[in-house]
Amino acid sequence: MTKIDVLLGLQWGDEGKGKIVDVLTPGYDVVARFQGGPNAGHTLEFNGTKHVLHIIPSGIFHQEKTNLIGNGVLIEPRIFQQEIAALEEKGVDATKNLYISKKAHLILPSHRMMDAANEQAKGGGKIGSTLKGIGPAYTDKIARNGLRVGDTLASDFLERYIMLKEQHISMARTLGFDIDAFRIDSLPLDEYEKLWLASLDTLKRFRFVNSEYFINQCLKEDKKVLAEGAQAMMLDIDFGTYPFVTSSNTITAGVCTGLGVAPGAIGRVMGITKAYCTRVGAGPFPTELFDETGRRLCEQGHEYGATTGRPRRCGWIDIPALRYACMINGVTDLFVTKPDVMNDFEEVCMCTSYQIGGQSTDEIPFEYNTVEITPEYTAYPGWQQSLQGISDYARLPERLRSYLGAIERMTGVNIAAVSISPDRKDVLFKQ
Ligand code: GDP
Ligand code: IMO
Ligand code: MG
């Protein structure tokens, strides 16, 4: 029996997971998403075209490979339908190689309304949710009220749908939310609902499977499986910067619950980090830069959300957070993306520890959200040259290699590869 490899984000998301999964897919038979939903925006670029995936695994462009949406994922059928249509426009027929877990939960239009209602009710304490209905849909899953993909085939599906929607409407009213003014894609709830219900037909064109059997059978047949994470370590519901997190386990443990594989079946754990750091939405970010350098990272890195278009907050790489991520996830290999964004920087800084209440520490404190954290930095000279055309890790500028070497030393994890542009071809593996 082979083991399942994992690829996940080690920061606050958008590390380049989609791109790396696409690059690794030729070495695998199956790519499986295990958590999250349309809050994710995974960007792939090749042949001069950019593609953004939200629910569909990033192996989909390799049509001979199997892709699976696991039980831990949330599906919004209308967004799914739009993703399928965008793929069809590019000549990709996903019905051939995409399988969906019957146990994956559905996001209803009224979950999206509840997301907006909950955010509004939080006033100044907003999470900065992507408003795709993630929190309310996972809430219903845990509360045992949710509707699953397999339920769409039941004769009483519509009745159950209406019951759940009515619960949401009454909750929104209790929160004083203006339901009549609420819009999804500029449409009132009942208009959007019609599109949502119609999109169930698109969903039903796909093969619904008992994905836990499906995946374990693949492993038994020695097929190579890659689990693709969404969001990232620091947005994990248990270990992230709670409550400024998403509502799922984004960590390696989430692979076990989100696909139905045993802990002993986990193989390599590949963790991705940018060469700097970003965060979108609210919550603590100790190394955030509010100055010209922060603006340069944002502009040169095109740091705008792939799902919401919001500008991402930018700052230096945070080693205490990265070490924490390596510990929780059991990371065996690091992938570093986007050093090219800092090509013209005179100096590149790395936060090696935190100063909290006069004490130096590299532990993430429980009080992360409330305590004042002063990052302690080590500065590295910039490499100040373009990386364009470099196709061999050993040919990267020495100053960049020494910066990367410092990341390896401080995390205790080897770098497997470095990505130096958005394009699929620019990933340099370190032999
Ligand atoms: P994901 O959510 O982790 O899949 O990442 P996103 O797609 O949200 O954000 C990553 C962004 O960085 C996308 O716009 C990618 O095209 C881009 N990107 C990925 N790797 C690199 C890289 O090595 N260099 C540069 N300049 N851009 C990259
Ligand atoms: P990918 O997979 C970056 C953030 C939101 C918000 C918080 C909760 O592209 O890396 P949610 O909609 O889940 O209730 O939002 O989490 N967030 C992400 N940030 N990348 C993502 O996904 C994200 N998914 C959610 O901005 O702060
Ligand atoms: Mg993203």
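Tutor: Start with Glu76 and Tyr192, whose side chains are joined by a polar contact of 2.6 Å. A polar contact here is a pair of N or O atoms within 3.5 Å; within protein, one atom must be able to donate a hydrogen and the other to accept it, and residues adjacent in sequence count only if both atoms are side-chain atoms. Keep in mind that this is a predicted model, where local features need pLDDT of at least 70, side-chain atom pairs count only at pLDDT 80 or more, and totals for chains, interfaces and linings use all residues. Residues are numbered from 1 along each chain as its sequence is written, chains are lettered from A and ligands numbered from 1 in the order in which they are written, and side-chain values use heavy atoms, with hydrogens and water left out.

You'll find Glu76 in the loop between strand E6 (74-75) and helix H2 (77-89); helices (H or I, at least four residues) and strands (E, at least two) are DSSP runs, numbered from the N terminus. Why does Glu76 count as buried? Because its relative accessible area is 0%, and buried means under 20%, exposed over 50%, and partly exposed in between (1.4 Å probe, protein chains only).

Now look at Thr202, in helix H6 (residues 189-203). Thr202 is buried too, at 9% relative accessibility. From Thr202 to Pro77 is 125 residues in sequence, yet their C-alpha atoms are 7.9 Å apart in space.

Helix H3 (residues 109-121) is another piece to check. Its 13 residues should span 18 Å at 1.5 Å a residue, and the end C-alpha atoms are 19 Å apart, so the two agree. The expected span is 1.5 Å times one less than the number of residues. H3 is mostly covered, with 10 of its 13 residues buried, including Pro109, Met113 and Glu119.

On to the ligands. Around ligand 1 there are 19 residues, and Lys17, Gly41, Thr43, Asp340 and Ser419 come nearest; to be near, a residue needs a heavy atom within 4 Å. Thr43 has a side-chain N or O atom 2.6 Å from an oxygen atom of ligand 1, and for Lys338 that side-chain distance is 2.9 Å. The protein covers 93% of the 590 Å² of accessible area that ligand 1 has on its own. Helix H1 (17-24) and strand E3 (42-46) each supply at least two residues of that shell.

The magnesium ion (ligand 3) has Asp14 (OD) and Gly41 (O) as protein donors, 2.1 to 2.2 Å away. These two sit 27 residues apart, Asp14 in the loop between strand E1 (4-9) and H1, Gly41 in the loop between strand E2 (30-33) and E3. Donors are N, O and S atoms within 2.8 Å of the metal (3.2 Å for Na, K and Ca), and water is not among the atoms, so sites may look incomplete. Asp14 is partly exposed at 23%, while Gly41 is buried at 13%.

Last, ligand 2: Lys17 and His42 are among the nearest of the 21 residues around it. Polar side-chain atoms of Lys17 and His42 each lie 2.7 Å from an oxygen atom of ligand 2.

How values were computed
Areas by Shrake-Rupley, 256 points an atom, 1.4 Å probe, with all protein chains shown as cover.
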